[in-house]
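Please read this briefing alongside the sequence and the model. It begins with the chain as a whole and then turns to selected parts.

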Amino acid sequence: MSAATAAGASFAQQRIWFSSQLGDDPSVYNVTVAADLTGALHAGRLGEAFRACSRRHESLRTCFRLAGGRLQQIITGKEVALRFVDLTGVPEAARTPAVDRLVRQEADEPFDLGSAPLLRLRLLKTAENRHLLLVTFHHIVADAWSLDNLLREAGERYEALQSGDRHPPPMPRLQYADYAAWQHKAATGEGFERQLSYWHKQIEGLPTLVLPADRPRPSDVSFRGSTYRFPLDHTLAEKLAQLGRDERVSLFMTLLAGFLVVLHRCSGQTDLVLGTAIAGRDRPETDEMIGLFVNMLVLRTPVRAGTTLREVLADSARTCQDAYDHQDVPFERLVEMWGGDRRADRHPLFQAMFQLIRAAETRLPLPGVRVEVREIERPTAKFDLSVTVTEAGGRLTGDVEYSTDLFDAETVTGLVDAWLTVLRRMTESLDESVGGFPLGQNDGGCLDESALPAGLAADDLYREPAARPDGTFQVLDAYRHPVPPGLPGDLWAGGAPPVRTEHRVRRRRDGGLELVPVPEPAGARRIEDDAHVPPEGRTEEAVAAVWAETLGVEDVGRHDNFFALGGHSLLATVVLSLVQERLGADVALERFFDAPTVASLAEEIRAGGGSRHELSALVDDLEQIPDLEESGG
């Protein structure tokens, strides 16, 4: 293979690299799939098939570095190796736990983004003619579409080797680095500027979505999460499909409209912001490529009191179509244009995702071997809340990935139940008001004082001394409907007449109540010192000079907030890269976000900076790399 070469990173790679520097889990962008293989497998040929793929696709031999404040792809000659582990010598009772342990280790082992390849392959032999193939990659070099391409191509190459064909397949006409270069060039054209103009209007004054969280947001994102999976009733799915045909909208637009109604009912907000992901492969030449093409779109939709479900559906469809028509603008440019404070505790622009996936069967065609491919799930959450509906074989399945720092499982279940209620209502009467029906099967029964949260007495709930409680309470939404368990609502005390209290509570499934945390005001800043104080000492002066150069401003003070001066996430990486080059200090990105001032960055530099994690290698005495002639079967 040729020597390493450098190329510019794509916008999506910049986004993933940046996000991977934050949080406590460096493996959050790992993707692992397992393939159960039954039959006579030749391990050496399988390894050579994957090596042939890595020779053809530069992304599979790529790592990353910062140079001059810019993220670069470093395309190396390092081919991927299939590591073979024979577990048949392990006692049968201990073999399954050993396999489970290895699978979890493989999924959790972080990648060093500065070292290629960012793809790992491990083949576990569990019995005669039984193997488990583990494929793990970092999302920065590939997406789900790429995985399908990789497995299909590896299977085709394996079949060729089985038949005695060792001629290498032709190289692709285009590589991912070509796409990245084209993307940056396209971002300067007239058509691109028109799309930017649309997004500028869409994100101006962008509100923060108030989600029904169980706990206040922690100061740093941990990526700890869980997933709630549920089926959508087949009859409901058919009715939703028919509704879409009648209204000339897509299934995604219909599902989204229902979810927007739930968010409106839970928060009272009339301007709702969600994100969604698109494949980003709208050009045919990208179909067979391996790389990261996924882009994210901002979906900002109005849901006002008094509007009908039909109007919400129409607004949802309009929002989606407009976003699709302007999908060429990378999400990173939106963040830059937005100019808001980039916070270490949340995703920029939106904190909740909604997407529909039409699943195609992932194939690894191996002659004489039965293959079953499955993704290995990890207890992580990249967003506060991420709703995914998968359409496969005419059936719909929902997954809600949620941050366990913010949500309890009961709350997520309540959200889903309310969403399904709205979807059923939409199939029955689109002309009903968004607030014209309860969100669940809750009978609205009253609660007594024993259900009140600890420390909250009935006598304290009334503003007027003349008001006298009758000892009963209800949890109602803004439309005076009973709120189902798990969701927040206003606490009303019974009396003549009933009185709305100042407290937001959540009704648990056991009948008790708990207070709902007050959300942080949108746009809250952590540092609010407007007094200009010049830098003190040589380190602060050097840092201030880097800020001035990067931000294009003059007279930077030691207490100035980087983001208040116009900085954003990508410029933050530029600053830290220049600090590393000029001052020899390696400062973790999340530490800069915690206190983004000249004084605090200089203090971090004087303290020695430091990195968060070191790559720990998995070393197994049973592991080996089979060559082309070894069957491993």
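What share of the contacts in the protein chain with a separation of 6 or more comes from residues 24 or more positions apart? In this predicted model, such residues account for 76% of those contacts. The secondary structure of the protein chain comes to 15 helices and 19 strands, and of its 633 residues 54% count as buried.

**Surface and nonpolar cores**

- The accessible surface of the protein chain is about 27800 Å², and carbon and sulfur atoms hold 48% of that area.
- The largest nonpolar core has 87 residues, and Leu255 and Trp419 are those with the most contacts inside it; helix 8 gives the most to this core, with 12 residues.
- Another core, of 77 residues, lies apart from the largest one and includes Leu82, Leu133, Leu151 and Met289.
- In soluble globular proteins, nonpolar side chains tend to be buried together.
- When residues up to four places away in sequence are not counted, tryptophan 419 touches Phe230, Leu255, Gly258, Phe259, Val262, Phe354, Val387 and Val389.

- Helix 9 covers residues 309-325, and at 1.5 Å a residue its 17 residues should span 24 Å, which agrees with the 24 Å between its end C-alpha atoms.
- The buried residues of helix 9 are Leu309, Val312, Leu313, Asp315, Ser316, Ala317, Thr319, Cys320 and Ala323.
- These buried residues pack against helix 6 (190-203), helix 7 (234-247), helix 8 (251-267) and helix 11 (409-428), and also against strand 10 (295-302).

**Asparagine 149**

- Asparagine 149 lies in helix 4, which runs over residues 144-162.
- With a relative accessible area of 4%, asparagine 149 is buried, because buried here means under 20%.
- Leaving aside residues up to four places away in sequence, asparagine 149 touches Arg281, Asp287, Glu288, Met289 and Ile290.

- An open sheet is formed by 4 strands in the order 15-16-17-18, with antiparallel pairing.
- Strand 15 (473-476) and strand 18 (513-515) are the edge strands, each pairing on one side only, and the twist averages 50° from one strand to the next.
- Strand 17, residues 499-507, pairs with strand 18 in the antiparallel sense over 3 bridges, and arginine 507 stands opposite leucine 513 in strand 18.
- Strands of a sheet pair through backbone hydrogen bonds, either parallel or antiparallel.

Methods. Residues are numbered from 1 along each chain as its sequence is written. This is a predicted model: local features need pLDDT of at least 70, side-chain atom pairs count only at pLDDT 80 or more; totals for chains, interfaces and linings use all residues. Side-chain values use heavy atoms; hydrogens and water are left out. Two strands pair if DSSP finds at least two bridges between them. Helices (H or I, at least four residues) and strands (E, at least two) are DSSP runs, numbered from the N terminus. Axes are lines fitted to C-alpha atoms, for helices over the stretch in contact, and angles run from 0 to 180 degrees between N-to-C directions. The expected span of a helix is 1.5 Å times one less than its number of residues. Buried means under 20% relative accessible area, exposed over 50%, partly exposed in between (1.4 Å probe, protein chains only). Contact means heavy atoms within 4.5 Å. Accessible areas come from the Shrake-Rupley method with a 1.4 Å probe; for residues, only the protein chains shown count as cover. A nonpolar core is a set of buried Ala, Val, Leu, Ile, Met, Phe, Trp, Tyr and Cys residues joined through side-chain atoms within 4.5 Å.
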